[in-house]
Amino acid sequence: MDSAIHVRAVTKVFGEGASAMHALRGVDLEVPKGERLFLTGPSGSGKTTLLSILGCVLRPTDGAVEVLGHDVRSLDERALSAFRLGSLGFIFQGHNLIASLSARENVRLPLLLQGVPVEEAEARAAEELRRVGLGAKLEARPRDLSGGQKQRIAIARATVGRPPLILADEPTASLDAKSGQEVMELLTEISRERGSTALVVTHDNRIFHFSDRIIAIEDGRIAGRSS
Ligand SMILES: Nc1ncnc2c1ncn2[C@@H]1O[C@H](COP(=O)(O)OP(=O)(O)OP(=O)(O)O)[C@@H](O)[C@H]1O
Ligand SMILES: [Mg+2]
């Protein structure tokens, strides 16, 4: 099993009858382990829907979805949330950090949820924050940090548990060009060092050079390589 992701004929329909919205119309996708694949396409084409299905936060209407060797349709909610927590790292456009927690507390959270003892979680969170260049900001709150720094904390939070698959939805959309490059450099280096697979949804052609492969999605279908 060399594929991190294996998707066949996946459809997603929101709603029913006359108001049915066909967000995905039959997607086939195979992502080898260790690949950094970028997914691009117009607004409303189904990128976030596909990423959410791969991230097991949304169930497909039809089709086969295998993520890291698991047939996700066969897992119940409890198994899915354990799988998400242990094997997937999520990064969003907004950093989604918890405002009342320090950088270190934000990053240790997924480890605590997995049952890692507090002291070990603290140490690993600090180490991961150093890895993203924020060793001096362990106790800082999100409001006291720049957009780029907040997104680097979000990367540390997504990668601290060493997930084999990282899913990112427009991770640079709210950043200036320089911060966007820094964030993508870190994400690329970390996934390369650890052999993790990364699927990145983005419109931002300034970061396309960080990808191994780029595919486009249009109107719920894979439209082929975009560049
Ligand atoms: N929960 C939902 N209920 C109904 N329709 C939805 C829902 N989520 C998404 N859609 C619709 O499905 C289509 C695909 O949405 P999706 O969010 O995947 O697009 P996207 O490619 O991520 O767009 P963007 O680049 O704007 O983020 C859109 O037409 C959207 O309106
Ligand atoms: Mg989207």
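Predicted model: local features only at pLDDT ≥ 70, side-chain atom pairs only at ≥ 80, totals over all residues.
Is the crossing of H5 and H6 left-handed or right-handed?

Good morning. Two packed helices are described by the angle between their axes and the distance between the axes.

Let us take helix H5, residues 147-159, together with helix H6, residues 177-194. Their axes come within 9 Å and cross at roughly 15 degrees. Angles under 35 degrees count as roughly parallel, and H5 and H6 are therefore described as roughly parallel to each other. To return to the opening question, the crossing of H5 and H6 is right-handed. On the H5 side, the contact involves Gly148, Gln151, Arg152, Ile155 and Thr159. These meet Ser179, Glu182, Val183, Leu186, Leu187, Ile190 and Arg194 of H6. By class, the residues in this contact are 5 nonpolar, 4 polar and 3 charged.

The second pair is helix H3, residues 103-113, and helix H4, residues 118-131. Here the axes come within 8 Å, with a crossing angle of roughly 125 degrees. H3 and H4 are therefore oblique to each other, and their crossing is right-handed. Among the residues making the contact are Val107 and Leu111 of H3, and Ala125 and Leu129 of H4. The contact of H3 with H4 comprises 9 nonpolar and 5 charged residues, with no polar ones.

Finally, I turn to ligand 1. The residues surrounding it include Phe14, Pro42, Lys47, Thr49 and His203. A polar backbone atom of Gly44 is 2.8 Å from an oxygen atom of ligand 1, and for a backbone N or O atom of Ser45 the distance to an oxygen atom of the ligand is 3.2 Å. Thr48 contributes a polar side-chain atom, 2.8 Å from an oxygen atom of ligand 1.

Thank you for your attention.

Methods:
Residues numbered from 1 in each chain as written. Chains lettered and ligands numbered in written order. Heavy atoms only, no water. Axes fitted to C-alpha atoms, helices over the stretch in contact; angles between N-to-C directions. Helix = DSSP H or I, 4+ residues; strand = E, 2+ residues; numbered from the N terminus. Parallel < 35°, antiparallel > 145°, perpendicular 65-115°, else oblique. Left-handed = near helix turned anticlockwise from the far one by under 90°. Contact = heavy atoms within 4.5 Å. Nonpolar A, V, L, I, M, F, W, Y, C, P; charged D, E, K, R; others polar. Near = heavy atom within 4 Å. Polar contact = N/O pair within 3.5 Å; in protein donor to acceptor, adjacent residues only side chain to side chain.
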